[in-house]
Amino acid sequence: MTMSDDDDFARPGWKRWLLNRFVLVPAALILITLGWNAWVATHQHGIIAGRVVNASGAPVEGAEVKLWVFNFATFVEKASTVTKPDGTFEFANNPSHNIQVSAAKPGEGRSARLPIRLYFAGEDFRMKEPLRLSDQG
């Protein structure tokens, strides 16, 4: 026997039982699962927020922003809202994890549809980059 084997057998039985891989690995998986579920529960309000700017980067008030939700084979329009004076918008109660958003305002232009892939349905999401309206009609 080596010295480490003697040390292992010198430990109390409960300590040997607790510190073996058949206890540690499932315990770690349970803790990770509980942590993830707690995080999801506190970030699952279905809020999608962002802002709309024009080609020069100024906020656009009154732009129509549409929320598109993946429906089996294609995206369908789920909701629309209008931007505030600072160009911000917000959707509540998004039920999906695979969405797209787009914006348009007559005379200012329109943005391309921006695909957003969320980790889980109803995840809160704040866009880092604004939807930028192009100069086209």
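The following legends describe close-up views of a predicted model.

**View 1. A nonpolar patch on the surface.** Five side chains make up this patch, namely W14, W17, L18, L19 and L24, and together they have about 570 Å² of accessible area. Helix α2, which covers residues 13–18, gives the most to the patch, with 3 residues. The patch member L24 lies in helix α3, residues 21–42. L24 has a relative accessibility of 43% and therefore counts as partly exposed, because that class lies between the limits of 20% for buried and 50% for exposed residues.

**View 2. Helix α3 and its start.** At the start of the helix, a side-chain oxygen of N20 comes to within 2.7 Å of the backbone nitrogen of F22.

**View 3. Strand β1 and its pairing partners.** Strand β1 comprises residues 48–53 and is mostly covered, as 5 of its 6 residues are buried. An antiparallel pairing with strand β4 (residues 88–91) is made through 4 bridges; in this pairing, A49 stands opposite E90 of β4. Strand β8, residues 125–126, pairs with β1 in the parallel sense over 2 bridges, and here I48 stands opposite F125. Strand β9 (residues 131–132) also runs parallel to β1 and is joined to it by 2 bridges. The bridge partner of V52 in β9 is L131.

View 4. The phi angle of F72 is near 70°, a positive value in a residue other than glycine. The relative accessibility of F72 is 78%, so this residue counts as exposed; the limit for that class is over 50%.

**View 5. The loop between β4 and β5.** N93 is found in the loop between β4 and β5 (98–105). Although N93 is not a glycine, its phi is positive, at about 65°. N93 counts as exposed because its relative accessibility is 64%.

Methods
Residues numbered from 1 in each chain as written. Predicted model: local features only at pLDDT ≥ 70, side-chain atom pairs only at ≥ 80, totals over all residues. Heavy atoms only, no water. Patch = residues over 30% accessible without salt bridge, like charges linked within 9 Å, V, L, I, M, F, W, Y side chains within 5 Å. Areas by Shrake-Rupley, 256 points an atom, 1.4 Å probe, with all protein chains shown as cover. Salt bridge = Lys/Arg side-chain N within 4 Å of Asp/Glu carboxyl O. Buried < 20%, exposed > 50% of the residue type's maximum accessible area, 1.4 Å probe, protein only. Polar contact = N/O pair within 3.5 Å; in protein donor to acceptor, adjacent residues only side chain to side chain. Pairing = 2+ DSSP bridges.
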